Amino acid sequence: MAEKQYVTVDGIPVEINGEKNLLELIAKVGIKLPTFCYHSDLSIYGACRMCMVENERGGLDAACSTPPRGGMVIKTNTERLRRYRKNILELILANHCGNCTTCENNSKCKLQDLAMRFNITGVRFPNNALDKAATPEGHSSVSITRDMGKCILCGDCVRMCNEIQNVGAIDFAFRGSKMVISTAFGKPLSESPCVGCGQCAAVCPTGAIIVKNDIDKVWNAIDNPKLKTTVQIAPAVRVALGRELGLKEGENSMGKIVAALRRIGFDEIYDTSLSADLTVIEETEEFISRVEKGENLPLITSCCPGWIQYAENKHPEFLPNISTCRSPMQMFASILKEQGKRSSRKMFHVAVMPCTAKKYEAGRDEFKMDGEPNVDAVITTQELIGMIKESGIMFDELEPEAVDMPFGTISGAGVIFGVTGGVTEAVLRRVASNKSRSGLLTLANCGQRGMEGIKEFTLPYGDLNLHIAVVSGLANAEAVLKRVAAGEEFHFIEIMACPGGCVSGGGQPYAKEAQKADRSKGLYESDRLLSIRRSEENPDIPKLYEDILKGKVHELLHVHYAK
């Protein structure tokens, strides 16, 4: 048996037990070192130097990049280290614009938090942020906004875009004091390979990259008496906004969201889970048809607009494999706009989404009716939180309310669309021949659940063993696509651009791994509490096929993507 090894931290012996770096080991004694550039999911960069500790020889080590070794003696809180960290903060603040009160990241900014933690009351150096002020190019994307005057060059966005998402839309450019985060050749973000996933904004500590704000557009529509404002709410939203508004992480707050939206002024409020049920019906038919014919396999899901852009940009050869089903957002919007033709008031339809890429999807020509977009505005969970706060609504005290009819019934299969593996499980519930509750429990343990980036399993279907993959994070998608291209047989692949699925979308409040797991748990709990758990058992679905969708199923529910 190996002898235990210890590191002495501020006089306290701490056992080494598989920690990758001193940062993790020091946290075991209740000390949170300051960091800017450290993220457990990303590679070690070690640029900010805020997490330095003093070793027994009087030297300084970066805790994020130093592995623990037995016998080490370190100090985390000396006069030298405090002075060192304050100097770094002052230098960063000297290169950061100071309009904190009007910054959309105000009160959520790591730089702001650390400046307060270390009692920075003044900066001795001249401010150079004006040299990097926001430019029109920073507003070119419909999904995110960039302001280089707030960038502290921590590199979090670059590593996220390159390592986790494999997109490579941004990187470091120039050297020394001229260094910036830039697209290739300084082109606008809209002309780069960016897929709008918003994961760069999720990890940005200062607000240099934020979600594009469309709140004013929505307020103007609500205040316009000539418009009927309708809104749909995506499944993942209900378990993500509560933390910011007085509830616990992962708590299902759908009823309170509906109540808040009514107070804000929306005329009709719906749950996107209904159209997720429609997606299951259409996608299952498509999947079974392809399996029986042996054509265009694997079937790859089409719900995620970030993945669709990635495929169009990097893998057009896989476009025939992608399901022709529209995303649930677009299915619902098509139905509402078709129904709206019967109304005397013009409809303005809003979608509340966990995803920044949905803003891009809403503007695509494929999803316009008579030249008008089916979704007039997309706001993210973060933007909805802002609207609730601006309205003065005491969210945690609201009594839950129900969504509007005639589209008020949902199934658990639609709700779990918000987490990685949820689409796969919803489809398999319909494919499975066993319709008992025990059958659902079997499916719940076949391999599609969990927050891993790649999950694989096989299920019997007739004479076949279906090879299924559930993938989240575009770098993971790239790895699986390479295997498909090399000849490995898959039948069904679910791909979500954001790691963990929509619960950790770029438009959600930022979540660490434990918080993502709480959100996932919240969706599965919501599923269990619903009496209808299969999409085909939703009584609203046949009514839609008999009425609004009659003779228009392909027109309203399907789409074909091209390079």
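Modeller: Contact, as I use the word, means heavy atoms within 4.5 Å. This is a predicted model, in which local features need pLDDT of at least 70 and side-chain atom pairs count only at pLDDT 80 or more, whereas totals for chains, interfaces and linings use all residues. Residues are numbered from 1 along each chain as its sequence is written, and side-chain values use heavy atoms, with hydrogens and water left out.

Colleague: Which residues does tryptophan 307 touch, not counting residues up to four places away in sequence?

Modeller: Tryptophan 307 touches Ile300, Thr301, Ile322, Leu474, Leu481, Ile495 and Ala497.

Colleague: Why is helix 9 described as largely enclosed by the rest of the structure?

Modeller: Eight of the 10 residues of helix 9 are buried (under 20% relative accessible area; exposed is over 50%, partly exposed in between, with a 1.4 Å probe and protein chains only), so helix 9 is largely enclosed. Pro305, Gly306, Trp307 and Ile308 are among the buried residues, and the buried residues of helix 9 pack against helix 11 (357–362), helix 16 and other elements, including strand 19.

Colleague: Which residues touch the most other members of the largest nonpolar core?

Modeller: A nonpolar core is a set of buried Ala, Val, Leu, Ile, Met, Phe, Trp, Tyr and Cys residues joined through side-chain atoms within 4.5 Å, and of the 50 residues in the largest one, Ile300, Trp307, Leu474 and Ile493 touch the most other members. Helix 16 gives the most to this core, with five residues.

Colleague: How do you know that glutamate 90 counts as buried or exposed?

Modeller: Glutamate 90, placed in helix 2 (residues 79–94), has a relative accessible area of 8%, so glutamate 90 is buried. Leaving aside its neighbours within four places in sequence, glutamate 90 is in contact with Ile120, Gly122, Val123, Arg124 and Phe125.

Technical notes. Helices (H or I, at least four residues) and strands (E, at least two) are DSSP runs, numbered from the N terminus.
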